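Below is a short report on one structure.

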Amino acid sequence: MSSRGLYILVVLVFPILTILFFASLFREGVPTKMPIAIVDLDQTASSRKIARNIDITPLSTVTEYLQSETEAMSELRTGNIYGFVVIPKNLQADILASRQPEISYYYQNGYLIVGGLMQNDLTLILHTLSGGINIQKREAMGQQEDYIMAQVQPIQVSTHQLFNPTANYSVYISTIVLPIMLQLFILLMTVYSIGIEIKEKTSHEWLRFSNKSIFTAITGKLLPYTVIFFVVMMFQNFMLYKVMQIPMNTSLGWLMLGSLLFVVTYQAVGLFFIGLLPVMRHSLNLSAFYGILALTLCGFSFPIDAMPPVFQYWACAFPVRHYMHIFQSQILAGFELKYSMISYLYMLLFLLLPLTIINRLKSALIYQTFIEKVHNH
Amino acid sequence: MKNKDINITGQIKEGFINTLRIWMREYQLIFSDVGVMVIIFVVPLIYPLLYSFIYYPEVVRDLPIAVVDLSYSTDSRQFTRDLDATPDLKVATNSISMAEAISMFKNREIRGIVQIPETFSKDIAMNRQTIISAYADMEFFLYYKALMTGVNFVALETGNQIQIKNLVNTGLTEQQAQITAEPVKLVDNSMANQAGGFASYGIPAALILIIQQTLIIAIGILAGTARERHVFGTLVTTNRRKMGTLRLVVGKGAAYFTIYAMLSIYILGMIPQWFGYGQSADLMELIVLISPFLLSSIFMGIALSVIFKNRESSMMLYLFISIPLLFLSGIIWPLSNFGYVWLVVREIFPSSNAIIGFIKMNSLGATIFETRREIMSLWIQTGVYFLAACLAYGYQVNFSAHLRSELLTHSFREIRKKIASRI
């Protein structure tokens, strides 16, 4: 029946579509030209110069020049701009008279990336402008250039990004979200492929085919999915490391091993779920709950070390968290194997999970005691 | 003439009663199904709490760093103490070599390294610019942010003190020196999420998504279950005489709308209040935004449900889209950087506009007028999905009615065979 369509969609079509979606969405790596506005109440040469300087940074672009702060605030609330700068009246005169005028800037901090970038960008531009005025004054006093720099900015911070040269959002996001998407498909498919045998009462036939060995039955059932999901994951790696050019500092062999381990680990978790709750609707709900929660508890959005302790332990129960460590340490940074060894061991531990429910699952397959009560009218 | 009038009022009355009957029957279906109850009640109750507790600390505090102090002077020790005093950073160790620091970094004992140069103290004394090196952990955006915030703050403050001290030494007053160092005062105004707390970034979006996704999955489960129960695998039963499409769609919709209107009070009203997320919107504003959101999600769910052949189908085929939807909303990646295709795809799902609208109203204090774009889009979606739901159900109703009439002339097996070949 139509179930063949379901298998193809969940195993191939949807995983590949999501890979293409994330690759395409973050194509630019870093947001550019985010719209901002300027409220210039001064309208002098100085204020226009400030406006021009704000406009030339790549991150933001001035799309509107507005008359009042109220108007700009309304535009910000409407969502037409992500931030704005208010240049006060008499700016030029106040600077000349050393009256320390105030420049206020506002930005939408309700969105994570936009808020952070806007704050950095606007703070940096305006600090540079303020420093520039200081420098100009000192130059007028006849001070030397080296001397001025040492006076205006006695301590300079030079930033180095350890072991990851790219400040690129696709490195942050796609590399973790794609495995999270894949684990969801693997979990659901594993539970479904076994659960449907119980639900449709075909599990006897399945066991008979496997000489009544539960190990043969399960291996035979899951192996084709292992192969397909492994191929999908390698396609994902190809997109990440070849097409999107995310640095890969490990050998192809290790990458393949890590990917295979990822697929098998999640199949083991799926198997554990259907064994634990042989009624498919319950084990599917459990998989959904666990699979969606991985986005939060793998610690890619909010670091695990900063979570309350109880969740720090809970986070260890997600293979994707250990996979993320391996990715960051071995693949991205190129650290020696010893630093990611513990994560490999954690992942291997998940493979033992099905052993705890294998008897329960076997009796569910044989006695079919977990059939849902569906009333046939 | 009079006769006709009675006929029309009679029809309206009958339609109303039928709709009410379908509405009540839908309640009965929902409340007698444990799986659906879990999706509709347990998930929306538990998830918002769970997320709120996980993100409860909101920001990264006391990020452990190593200071590699090559200067080893009074000035550098003061600088180290100042770093430790920031809320963002905690100096875990400060008397080690760069090699040792890197090894600690690889072991994840520290999350950043600050190197103070050998000439630090001498540079300051001789009025030379000195350079501090900060090595940031790029694994986590928030770690990087914490390190840069802390180090830049201390460098700027210390530098400012040095500049002012030097200016005072040349004969300026304290105030003159301060104005020379800072000719323009900069005022930073962070809107919507002043503290930059992580929960306030993510949770409003999650709340809206939970509503839409549980609705669509639950409607899908019940549709799949109906097909499993009915003899010929039809969505609409063949047992009774033809039921009105409009009555079915409206009756079902009313059942979900009433349940989710109640749930919304908890999810969108109580949760933000308990955990201190933005609550600028008043009840009226929220009703104006959330009503078309619920309606469009419900009708989208009803329209989509006709494709789910089994009880499990909606979970298998629709759940995964929750994560891409979070990104499509525009709260993570700015909409100004979306490709054209994704801007269009984004408009398919009610959650996109509802998330942005909800954040605008509740966190930024936008009025109904300032949220008009989102509200309008949601009403358009409501209209489109209502029509889609009627068309999809209308087809199913006619199909079942057709089967019913065929039952009179054809044998049971014949019809089953015919349906099997169709699917």
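## Helix H2 of chain B

The buried residues of H2(B) are B:Gly35, B:Val36, B:Ile39, B:Ile40, B:Val43, B:Pro44, B:Tyr47, B:Pro48, B:Tyr51 and B:Ile54. A residue is called buried if 20 or more other C-beta atoms lie within 10 Å of its own, exposed if 12 or fewer, and partly exposed in between, with C-beta atoms placed from the backbone. An α-helix has 3.6 residues a turn, so residues three or four places apart point the same way.

Helix H2 of chain B covers residues 34-54 and bends by about 40° at B:Val42, with a proline, B:Pro44, following within four residues. The bend at a residue is the angle between axes fitted to the seven residues ending there and the seven starting there. Helices (H or I, at least four residues) and strands (E, at least two) are DSSP runs, numbered from the N terminus.

## Basis of the model

This is a predicted model, in which local features need pLDDT of at least 70, side-chain atom pairs count only at pLDDT 80 or more, and totals for chains, interfaces and linings use all residues. Residues are numbered from 1 along each chain as its sequence is written, while chains are lettered from A and ligands numbered from 1 in the order in which they are written.

## Domains

Domain bounds here come from an automatic or database domain assignment. In chain A the assignment gives domain 1 (3-26 + 168-367) and domain 2 (34-152), and their C-alpha centres lie 49 Å apart. Chain B is divided into domain 1 (2-54 + 195-422) and domain 2 (63-181). For chain B, 54 Å separate the domain centres, taken over C-alpha atoms.

## Where the chains meet

On chain A, 96 residues are in contact with 92 residues of chain B; two residues are in contact if their C-beta atoms, placed from the backbone, lie within 7 Å. Helix H5 (residues 112-140) of chain A gives the most to the side of chain A that touches chain B, namely 13 residues. That side is made up of 55 nonpolar, 35 polar and 6 charged residues. Here Ala, Val, Leu, Ile, Met, Phe, Trp, Tyr, Cys and Pro count as nonpolar, Asp, Glu, Lys and Arg as charged, and the others, Gly among them, as polar.

Strands also pair across the two chains: S5 (residues 155-162) of chain A and S4 (residues 130-137) of chain B run in the parallel sense over 8 bridges. Two strands pair if DSSP finds at least two bridges between them. In this pairing A:Leu162 stands opposite B:Asp137.

## The nonpolar core

A nonpolar core is a set of buried Ala, Val, Leu, Ile, Met, Phe, Trp, Tyr and Cys residues joined through C-beta atoms within 7 Å. The largest one has 229 residues, of which A:Phe84, A:Ile180, A:Phe185, A:Leu188, A:Cys298, B:Ile65 and B:Leu147 touch the most other members. Helix H8 (residues 198-229) of chain B provides the largest share of this core, 19 residues. Not counting residues up to four places away in sequence, A:Ile180 touches A:Ala294, A:Leu295, A:Cys298, A:Val320 and B:Ile323.

## Strand S3 of chain A

Strand S3 (residues 83-87) of chain A is mostly covered, with 5 of its 5 residues buried. A:Gly83, A:Val85 and A:Ile87 point one way from S3(A), and A:Phe84 and A:Val86 point the other way. In a regular strand the side chains alternate between the two faces of the sheet.

S3(A) is joined to S1(A) by 5 bridges, in parallel, and A:Asp40 stands opposite A:Ile87. Strand S4 (residues 102-108) of chain A runs antiparallel to S3(A), with 4 bridges, and A:Gly83 stands opposite A:Tyr107.

## Selected residues of chain A

A:Asn90, in the loop between S3 and helix H4 (91-96) of chain A, has a positive phi of about 65° although it is not a glycine. A:Asn90 counts as partly exposed because it has 15 C-beta neighbours inside 10 Å. Phi of A:Asn211 is also positive, near 55°. A:Asn211 is exposed because 8 other C-beta atoms lie within 10 Å. Most residues other than glycine have a negative phi, and most peptide bonds are trans.

A:Glu75 lies in helix H3 (residues 69-78) of chain A. A:Glu75 and A:Ala37 are 38 residues apart in sequence and 8.8 Å apart in space, C-alpha to C-alpha. By contrast, A:Thr32 and A:Ser68 are 36 residues apart in sequence and 26 Å apart in space, C-alpha to C-alpha.
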